[in-house]
Amino acid sequence: MDIEVFEERHGEVLVLVPVGRLDSDRAHAFETLVMDRIRMRECHLVVDFSHLEFISSSGLRVLPLAAKALKAANRSLVLCSMKEHIASVFQVSGFSQVIPVRPSREAAVADAS
């Protein structure tokens, strides 16, 4: 099953906005999209969670993979605009200690640039 993801460019930063649910049915499609963008030499990546209602452990797994690939290429991943229940999942998982999380897209794009 596919996941709807909006894409916007802000200079050297690509913003991905996943919509709805990032669960085990959709995680592979999201991982494929993210890793394709990284292979296309996007400079920096922001994932905006403002339209995401749910994220599973399968969806979470995509983010450290992306962060590692980007870091190896001297690029960055920044997450932003998480709803409270999604932010708590990131805090409990410890990912918020590894991947920067900003309150707004503007702050994330500025941080990623």
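**Exercise 1. Determine how the side chains of R102 and D111 meet, and classify the exposure of each residue.**

Step 1. A salt bridge joins the side chains of R102 and D111, with an N to O distance of 2.9 Å. The term denotes a side-chain nitrogen of Lys or Arg within 4 Å of a carboxyl oxygen of Asp or Glu.

Step 2. R102 is partly exposed at 29% relative accessibility, and D111 is partly exposed at 37%. Buried means under 20% relative accessible area, exposed over 50%, and partly exposed in between (1.4 Å probe, protein chains only).

*Basis of the values.* This is a predicted model, in which local features need pLDDT of at least 70 and side-chain atom pairs count only at pLDDT 80 or more, while totals for chains, interfaces and linings use all residues. Residues are numbered from 1 along each chain as its sequence is written, and side-chain values use heavy atoms, with hydrogens and water left out.

**Exercise 2. Identify the residue with which R105 forms a salt bridge, and state which parts the pair ties together.**

Step 1. The partner of R105 is E8; their closest N and O atoms are 2.5 Å apart.

Step 2. Because R105 belongs to helix 4 (residues 105-112) and E8 to strand 1, the pair ties together parts that are 97 residues apart in sequence. Helices (H or I, at least four residues) and strands (E, at least two) are DSSP runs, numbered from the N terminus.

Step 3. R105 is buried, with a relative accessible area of 18%, whereas E8 is partly exposed at 34%.

**Exercise 3. Classify the exposure of D23 and R21, whose side chains meet in a salt bridge.**

Step 1. The N to O distance between D23 and R21 is 3.4 Å.

Step 2. D23 is buried, with a relative accessible area of 10%; R21, at 40%, is partly exposed.

Step 3. For the structure as a whole, the count of salt bridges is nine.

**Exercise 4. Describe the pairing of strand 2 with strand 1 and with strand 4, and the covering of its faces.**

Step 1. Strand 1 (residues 5-10) pairs with strand 2 in the antiparallel sense over six bridges; pairing requires that DSSP find at least two bridges between two strands. F6 has V17 of strand 2 as its bridge partner.

Step 2. Two residues separate strands 1 and 2 in a hairpin, and G11 in the turn has a positive phi of about 60°.

Step 3. Strand 4 (residues 44-48) pairs with strand 2 in the parallel sense over four bridges. L14 has L45 of strand 4 as its bridge partner.

Step 4. In strand 2 (residues 13-18), six of six residues are buried. V13, V15 and V17 lie on one side, and L14, L16 and P18 on the other, so that both faces are covered.
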